[in-house]
Amino acid sequence: MPRTSSDFTLPDLSGKRAVVTGGSDGIGLGISARLAAAGAEVLLPVRNPAKGRAAVERIKQAAPGANVTVHPLDLSSLDSVAVLSEILLSEGRPIHLLVNNAGVMTPPQRQTTADGIELQFGTNHLGHVALTARLLPLLRAGHARVTSQISISANSNAINWQDLNWENSYKGGAAYSQSKIALGLFGLELDRRSRSGNWGITSNISHPGVAPTSLLAARPEIGRAKDTVGVKIIRLLSARGILLGTVETAQLPALYAATSPNARGGDFYGPSGPGHLGGPPAEQKLFSRLRSEDDARRIWAISEELAKVSFPTA
């Protein structure tokens, strides 16, 4: 029997293996819980093991009998991505769903990954490129659907082609937009290349709208000691049901994109309410920054080089 979320019906995912990055809190935790409740085996790659174990307990409390496991992963380290990938490849079990959801947002000062890449571009985008590329044999074996979670911020600013690493004039918000534009272009190009090369996977993109998640909250690990004014306003508006979504509704676009039989590769899903800030999930018009196939091919080539991976050429 199909299982039902609040706004659409998830198919029965029994026998499916799902990988959800950023699944230990916020939107990712909600996505993971819904997938597990629908019968999927859910693998949570997490940077913080204690947080991961707590997430597993929360999911099992909500869905007794859920099959959820934790593996260590730091998306800001290409070595960490390689280690997890080798573990999963050695197991040889097909992956049917990959949700590239994890992210970091607007560190006050420029920070870099273990590989010397600006933290947001390296974590939000390159880490997911590396993970997808390295897991491609398992994704192909599972005829997987890959859903990459971008942001409404991908509808503003641009890719800083002259200084992708933000070494000359760091702006946190613009760097965040760049990371999400790049991930969106990658997700769309992945679907095009799969279709032309008969890789057997589908890839689409989603965005959660605006909701009171932890992205703008106090994050000492990235140098933000206090909640931002923005997250305080978002919490207030969300609690009063004014325009914005909730953490629960923000989960739905990615869930729809990843599981609905009506969701297609190469498409974009987000909230259907005013301004696409909240509400039930629906197909969306591509943001202007995501429409150039030339930009997608350009960021693809750059990303393969920076992430130290390669996809099939045919």
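Is H143 buried or exposed? H143 counts as exposed, because its relative accessibility is 60%. Here "buried" is under 20% relative accessible area, "exposed" is over 50% and "partly exposed" is in between, with a 1.4 Å probe and protein chains only. More on that residue in point 7.

1. Ground rules. This is a predicted model, so to speak of local features we need pLDDT of at least 70, while side-chain atom pairs count only at pLDDT 80 or more and totals for chains, interfaces and linings use all residues. Residues are numbered from 1 along each chain as its sequence is written, and side-chain values use heavy atoms, with hydrogens and water left out.

2. Overall make-up. The protein has ten helices and ten strands; these are DSSP runs numbered from the N terminus, with helices being H or I of at least four residues and strands E of at least two. Of its 314 residues, 55% count as buried. Among the contacts with a separation of 6 or more, 72% join residues 24 or more positions apart, where contact means heavy atoms within 4.5 Å.

3. The largest core. A nonpolar core here is a set of buried Ala, Val, Leu, Ile, Met, Phe, Trp, Tyr and Cys residues joined through side-chain atoms within 4.5 Å. The largest one has 47 residues, and L139, I150, L190, L290 and F311 touch the most other members. Helices α3 (78–91), α4 (119–134), α5 (136–141), α6 (172–197) and α10 (293–307) each supply at least two residues of this core. The largest share, seven residues, comes from α6. As for L290, its partners beyond four places in sequence are I150, I181, G184, L185, L188 and I205. There is also a second, separate core of 32 residues, which includes L13, I31, A63 and L97.

4. α1 against α2. Helix α1 (residues 26–37) packs on helix α2 (residues 49–62) at an angle of about 45°, with the axes 10 Å apart. That makes the pair oblique. For the record, axes are lines fitted to C-alpha atoms, for helices over the stretch in contact, and angles run from 0 to 180 degrees between N-to-C directions; under 35 degrees counts as roughly parallel, over 145 as roughly antiparallel, 65 to 115 as roughly perpendicular and the rest as oblique. The crossing is right-handed, a label used if the near helix is turned clockwise from the far one by less than a right angle, with anticlockwise being left-handed. On the α1 side the contact uses L29, S32, A33 and A36, and these meet A55, R58 and I59 in α2. By class, that contact has five nonpolar, one polar and one charged residues. In this scheme Ala, Val, Leu, Ile, Met, Phe, Trp, Tyr, Cys and Pro count as nonpolar, Asp, Glu, Lys and Arg as charged, and the others, Gly among them, as polar.

5. α4 and its neighbours. With α3, the axes come within 9 Å and cross at roughly 25°, so α3 and α4 are roughly parallel to each other; their crossing is right-handed. L78, V81, A82, L84, S85 and L89 in α3 meet L126, G127, A130, L131 and R134 in α4, and the residues of this contact divide into eight nonpolar, two polar and one charged. With α10, the α4 axis comes within 9 Å but crosses at roughly 90°, which makes α4 roughly perpendicular to α10. Here F121, H125, L126, V129 and A130 in α4 meet I299, S303, L306 and A307 in α10. The class count is seven nonpolar, two polar and no charged residues.

6. H128 sits in helix α4 and counts as buried because its relative accessibility is 0%. Leaving out residues up to four places away in sequence, H128 touches T21, L75, N100, N101, A102, T123 and L183. D295 is in helix α10 and, at 26% relative accessibility, counts as partly exposed. D295 and I159 are 136 residues apart in sequence and 9.2 Å apart in space, C-alpha to C-alpha.

7. Most residues other than glycine have a negative phi. H143, though not a glycine, has a positive phi of about 45°, and its place is in the loop between α5 and β7 (145–149). N157 is not a glycine either and has a positive phi of about 60°. N157 lies in the loop between β7 and α6 and is partly exposed, with a relative accessible area of 39%.
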